Amino acid sequence: MSKIFISPSILSADFANLERDIKLVENAGADWLHVDVMDGHFVPNITIGVPVVSSIRKVTGMTLDVHLMIENPEKYIGAFAKAGADILTFHYEAVKDVKEIMYLIKSYGIKTGMSIKPKTAPDVVFPYLKDLDLLLVMTVEPGFGGQKFMPDCAEKIPLIKEKAPENLVIQVDGGINAETARICTSYGANSLVAGNYIYKSDDIKSAIKSLL
Ligand code: DX5
Ligand code: ZN
């Protein structure tokens with residue numbers, strides 16, 4: 001079985017104790033750290049910006065998996081790359097020229113991700129799969145942690161998997177717990193983002209393990 005990359009979302013962490021909460025998931029064996037960037041335009045919420053990513057970079061060697069839920073991502077890609085993002089994922093719905101954004105991310109020598117919202121059809125991503133490192137299938141409407149998993153969204157995974165090169169990471173994000181993780185991995189997802197399920201559990205290590 002191929003490796004499953006667990007990416008705890010710090011949106012559910014305590015922002016006043018961010019370093020402590022990052023260490024909690026790092027010590028519990030998580031591979032990646034999911035950083036949700038929201039601008040109050042593409043989504044109705046405002047969260048983390050470049051300075052926070054740069055501070056996080058100083059306290060952890062984990063892979064920084066940065067999810068840009070922002071309009072005009074081209075304006076900020078350079079800054080997030082320089083701040084230490086390892087993977088930058090933009091939204092298909094937020095850009096006019098997908099290829100231009102992909103090549104901009106690549107020009108910084110980091111991994112390129114693209115995401116689709118629940119109402120976006122899976123076939124729109126097919127032309128880009130061979131040039132992406134990661135494809136994120138949202139399983140909730142982006143904007144907030146703690147929402148309920150939408151099973152219909154997970155049904156896009158096998159359709160994308162069928163067209164994807166072997167090395168493409170297929171990630172899911174939103175409402176992931178032990179049960180919904182199983183559904184997604186059985187469809188072919190190999191990276192799981194989880195916020196509330198990990199951070200609101202009493203035993204973070206077991207929570208992470210239960211997703212595998
Ligand atoms: C939602 C974010 C998610 C969020 C997931 O827009 O992209 O990463 O933190 O939170 P849970 O796992 O609680 O649904
Ligand atoms: Zn996210």
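I began with Asp 36, where a polar side-chain atom lies 2.8 Å from an oxygen atom of ligand 1. I note here that the model is a predicted one.

On its own, ligand 1 has 390 Å² of accessible area, and the protein covers 99% of that.

I checked two other contacts to ligand 1. Ser 9 has a polar side-chain atom 2.8 Å from an oxygen atom of the ligand. At Gly 143 the polar atom belongs to the backbone, and an oxygen atom of ligand 1 is 2.7 Å from it.

Next I asked where ligand 1 sits. I found it in the largest pocket.

I looked up which elements give two or more residues to the shell around ligand 1. They are strand S2 (32–38), strand S3 (63–69) and strand S8 (191–194). S2 supplies the largest share, three residues.

I listed the surroundings as well. Ligand 1 is surrounded by 20 residues, and Ser 9, Asp 36, Gly 143, Asp 173 and Gly 195 are the closest. By class, I read eight nonpolar, ten polar and two charged residues in this shell.

Last, I turned to aromatic rings. How many aromatic pairs does the structure hold? I found one. Its members are Phe 5 and Trp 32, with 4.8 Å from centre to centre and 15° between the planes. I recorded the pair as stacked, because planes under 30 degrees apart count as stacked. Phe 5 is in strand S1 (residues 5–8) and Trp 32 is in strand S2, so I noted that the pair links distant parts of the chain, 27 residues apart.

Conventions
Residues numbered from 1 in each chain as written. Chains lettered and ligands numbered in written order. Predicted model: local features only at pLDDT ≥ 70, side-chain atom pairs only at ≥ 80, totals over all residues. Heavy atoms only, no water. Near = heavy atom within 4 Å. Polar contact = N/O pair within 3.5 Å; in protein donor to acceptor, adjacent residues only side chain to side chain. Areas by Shrake-Rupley, 256 points an atom, 1.4 Å probe, with all protein chains shown as cover. 1 Å grid on protein atoms, 1.4 Å probe; cavity = no way out; pocket = protein on both sides within 12 Å on 5 of 7 lines; lining within 4 Å. Sits in = over half its atoms within 2 Å of the grid points. Helix = DSSP H or I, 4+ residues; strand = E, 2+ residues; numbered from the N terminus. Nonpolar A, V, L, I, M, F, W, Y, C, P; charged D, E, K, R; others polar. Phe/Tyr/Trp six-rings, centres within 6.5 Å; stacked < 30°, edge-to-face > 60°.
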